[in-house]
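Open the structure in your viewer and keep the selection tool ready. This tour goes stop by stop.

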Number of protein chains: 2
Amino acid sequence: MSVIHQAFQVPYSFNIIFTKSLFSSNNKELLNFLSNFGETSFQKKILFLIDEGVYEKHSYLIDSIKNYFRSQNQISLAEEILILPGGEPVKNDSQYLDKTLHAINKFGIDRHSFVAAIGGGAFLDMVGYASCIAHRGVKHIRIPTTVLSQNDSGVGVKNGINFSGKKNFLGTFSPPVAVFNDSDFLTTLSDRDWRSGISEAIKVALIKDLEFFEWLEENAQAMANREIEIMSKQIFRSAALHTNHISSGDPFEMGSARPLDFGHWAAHKIEYLSNFEIRHGEAVAIGIALDSIYSQLLGFITDQETNRIIQLLKKVGFILYHESLEENDKMNLWEGLNEFREHLGGRLTITILEKLGKGKEIHEVDFDLMKLAVDRLKLTID
Amino acid sequence: MSVIHQAFQVPYSFNIIFTKSLFSSNNKELLNFLSNFGETSFQKKILFLIDEGVYEKHSYLIDSIKNYFRSQNQISLAEEILILPGGEPVKNDSQYLDKTLHAINKFGIDRHSFVAAIGGGAFLDMVGYASCIAHRGVKHIRIPTTVLSQNDSGVGVKNGINFSGKKNFLGTFSPPVAVFNDSDFLTTLSDRDWRSGISEAIKVALIKDLEFFEWLEENAQAMANREIEIMSKQIFRSAALHTNHISSGDPFEMGSARPLDFGHWAAHKIEYLSNFEIRHGEAVAIGIALDSIYSQLLGFITDQETNRIIQLLKKVGFILYHESLEENDKMNLWEGLNEFREHLGGRLTITILEKLGKGKEIHEVDFDLMKLAVDRLKLTID
C-alpha cells in the first residue's frame with residue numbers, strides 16, 4: 001500500500017465596516033471596496049437583492065443604488081435589483097433560492113463578481129448560501145439591516161436554508177468578502193426587531209466578557225428607549241466579540257464545540273414550535289434565561305447573579321417564557337436537546353455559565369433539574 | 001466610520017490511500033481510518049452510496065460492506081446502501097441530490113459521521129456536493145472507481161452538479177476526509193473508461209513533468225494493452241502531480257489561474273455538444289491535441305514535439321477529432337471560450353504549452369489561428 005498526503009491552509013479575511021447612508025453619493029466606502037478587491041484588470045459586476053421588509057420602509061433604495069453606480073464605470077450594476085421576502089419564509093421555500101441562482105446566471109455573475117444582499121439574518125442566510133454554491137462561490141457582500149444580523153449572524157461565516165422541515169439543514173461555512181453595517185437601517189425597525197438582537201449581545205457578554213455585561217446592565221434602559229448611539233456601541237462591541245470568537249477558535253466548526261450557542265438549544269425548539277412567530281432573538285432571550293437558571297441549579301452562579309440576568313433581559317423588554325416549555329410537553333425539551341445534538345453531530349454539547357462572563361461546556365443534561373429550571377422560569381412572568 | 005477586521009486560516013488535510021480489495025475482512029485500512037478520525041468518544045455512523053454502473057459489475061459490494069462492518073462495533077453502518085446512476089445523469093437530475101440528502105437526514109448522518117461514495121467522477125461530484133451542504137458539511141469519503149477519478153477528479157477538492165443546463169453551475173470547494181483508490185475496480189472497466197482517464201495524466205505531464213511525459217510515451221502500449229501494474233503506476237504519479245498542484249497553489253481557486261485546465265475549454269464544449277456521449281477524458285484528449293497544435297502555431301513547441309503528443313494520444317487509443325469542431329460551427333469555438341471564461345470568471349485564461357513539461361497561461365486567443373489548429377487536428381484522423 002502507498003499513500004499520498006494532501007495538506008493545505010485556506011486563508012480568509014474580510015472587513016466589517018460600520019457606516020451610515022451607504023448609498024449616498026458622498027459615501028465612497030462600498031465603491032472603494034469594490035474597485036480595490038482582487039484582480040483589477042477587468043470590469044466586475046454586482047447584483048443586489050433586497051429583503052422585502054426592508055424595501056417597504058426604504059423604497060428609495062433601488063434609485064439610490066442605481067444613482068450610486070451611475071457615477072462610475074469600474075463596476076457594472078446588474079440591470080435588475082431583486083426584491084424577495086425576508087424572515088423564515090425565504091429559507092423555507094426553495095423557489096427563492098432558485099430565483100437567486102437564476103439571477104446569478106442571467107446577469108453573468110462569475111467568481112470574480114459580487115452578489116450583495118440587503119436584509120435581515122434569514123435573508124442574508126439564503127442569499128449567502130446561493131452565492132456560495134453558484135460557480136462554486138461568487139463573491140458575497142452582506143448588508144445586514146437588523147440588530148441581530150449586524151451584531152451576530154451577519155458578521156459570521158455561516159449561511160443556510162431549511163430542508164425537509166429542518167432548520168439550516170442545507171448550508172455551508174463561507175465567509176463574505178465584506179460586511180457593511182449601516183446604522184440608518186436600524187431607525188426603521190419595529191420595536192420587536194430592534195429588541196430581538198440585544199439577546200445575542202447579552203449572550204456573548206455572559207459567556208465571554210463580564211465588563212460588557214455590566215455595560216449592558218447600565219445601558220439597558222437606553223436601548224429600550226431606542227437610543228441609536230447606545231445601540232450602535234452595543235452592536236460594535238458584540239460584533240467584535242463574535243468576530244474574535246470565530247477567528248480564535250474553530251471557524252468552520254470541525255470539532256464539537258459550539259460555545260457561542262449558549263441559550264440556543266431551547267431557542268431553536270421554541271422558534272420551531274411557535275411556527276416562527278417567536279423571533280430568533282426573542283427565543284434566545286428565553287433560552288439564555290433557562291440555561292442561566294440551570295447553571296444556578298448546578299451551583300455555578302448565585303441566585304443574585306441569575307436575577308441580574310433575568311432583570312437585564314426583562315428591562316430590555318423580553319418575555320421570558322413560552323407555552324411550548326409547558327410541563328406536559330416534556331418531550332419537547334428532550335427533542336430539542338436531541339435535535340441540537342444531531343445538528344452539531346457527535347456528543348451533546350451545550351454551554352452553560354461557569355460564572356458571569358465565562359461559559360462552560362457540558363455534555364450531559366439532568367432532565368429533572370432542567371424541568372425545575374423551566375418551572376422557575378415560569379415564575380419570572382408577572 | 002470604524003472597522004472590525006476578520007482574518008483566519010482553515011487547515012485541511014487528507015490521505016489518498018492506494019489499496020486493493022478495500023472491503024475484504026483482512027484489509028483494515030478503512031476501519032482504521034474511521035476509528036481514528038476526529039473525536040473518538042462517541043459512535044459514528046457511515047452511509048454508503050454506490051454508482052449503479054459499478055454495482056452492476058461488483059454486485060458483491062453490498063454484502064462485502066455489510067460483512068466488513070459486522071465484525072466491529074466502533075462504527076455503525078446505515079441500514080440502507082443506496083444505488084444511484086452514475087455519469088452525467090446523476091448531475092443533471094436533481095432527484096438524485098434530493099435522494100442523497102434525504103438519506104443523510106433519515107439515517108442521522110451528522111457532522112461527525114461519514115458519507116462514502118463508490119463510483120466514477122460524476123457520481124463522486126454529486127455525493128460530494130450533497131455531503132458538503134448537508135448540516136454545513138458531513139465528513140465525505142471518496143472511493144473512485146475509474147482511472148479518471150482515481151488519478152484526477154477524485155483526489156481533488158471540488159464537487160458539483162449541473163443546473164439550468166450549465167455544467168457544474170452548483171458546487172463547492174470541499175476536500176474529502178479520505179480517498180481510497182482500490183485498483184480492483186479498474187479491472188472491470190470498459191475499454192473506453194479504462195482509456196479515458198489517461199488523457200488527464202498526459203495533460204498534467206505536459207504542463208508539469210517532462211520525465212513523466214516520457215514515461216507515458218514508453219508505457220503507452222502497455223496501458224493500451226490493459227496492464228494493471230503500469231496503469232497503477234500512472235495513476236499514482238498523476239494523482240501525486242494533481243495533489244501537489246492543489247496544495248502548492250490556490251486550492252479554492254480564489255484567483256483567475258487554472259493551469260490544470262490545459263485542453264479543457266474545448267473539452268467542455270465537445271462534451272456538451274455531443275450530449276455527453278463523448279466522455280470527459282475523450283474530450284480532454286481532443287482538447288489537449290488542439291491546444292498543443294495551437295501552442296505550436298504560436299511558436300512555442302516544434303512540429304516534432306506536437307507529433308509526439310498526437311502520437312501518444314493515438315497510441316493510447318484516442319480519436320482526436322469530433323464533428324462539433326467543424327468549420328461552419330465557428331460559433332461553437334467562440335461560445336466554448338466564452339463559457340469557459342464565464343465559469344472561471346474574470347479574464348479569459350487558458351493554458352497552452354511553453355514547452356513539453358511546462359504550461360503557460362494566455363489571456364487572448366487568435367481565432368483564425370485556432371481555426372487553423374482545428375483544420376490541422378482534422379488531418380490527424382486517418
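This is a predicted model.

Select residues 350–355 of chain B, which form strand 10, and residues 358–362, which form strand 11. The two strands pair in the antiparallel sense over 5 bridges. Now pick B:L353. Its bridge partner in strand 11 of chain B is B:G359. Strands 10 and 11 of chain B make a hairpin with 2 residues between them. Click B:G357 in the turn: its phi is positive, about 95 degrees.

**Stop two: the two domains of chain A.** Colour 15–188 of chain A as domain 1 and 191–378 as domain 2. Their centres, taken over C-alpha atoms, lie 28 Å apart. Show the contact next: domain 1 of chain A gives 23 residues and domain 2 of chain A gives 31.

**Stop three: the buried area.** About 2100 Å² is buried between domain 1 and domain 2 of chain A, with carbon and sulfur atoms giving 68% of this area. Select A:V147, A:N151 and A:F173 in domain 1. These residues lose the most area to domain 2 of chain A, together 27% of what the domain 1 side buries.

How many salt bridges are counted between domain 1 and domain 2 of chain A? The count is 3. Turn to A:D152 and A:K203, whose side chains meet in a salt bridge at 4.0 Å, N to O. Between the two domains of chain A there are also 7 residue pairs in polar contact.

**Last stop: the domain 1 side.** Select strand 1, helix 7 and strand 8 of chain A. Each supplies at least two residues of the domain 1 side that touches domain 2. Helix 7 of chain A gives the largest share, 4 residues. By class, this side of domain 1 of chain A has 9 nonpolar, 9 polar and 5 charged residues.

Notes
Residues numbered from 1 in each chain as written. Chains lettered and ligands numbered in written order. Predicted model: local features only at pLDDT ≥ 70, side-chain atom pairs only at ≥ 80, totals over all residues. Heavy atoms only, no water. Pairing = 2+ DSSP bridges. Domains from an automatic or database assignment. Contact = heavy atoms within 4.5 Å. Buried area = accessible area lost by both parts, 1.4 Å probe. Polar contact = N/O pair within 3.5 Å; in protein donor to acceptor, adjacent residues only side chain to side chain. Nonpolar A, V, L, I, M, F, W, Y, C, P; charged D, E, K, R; others polar.
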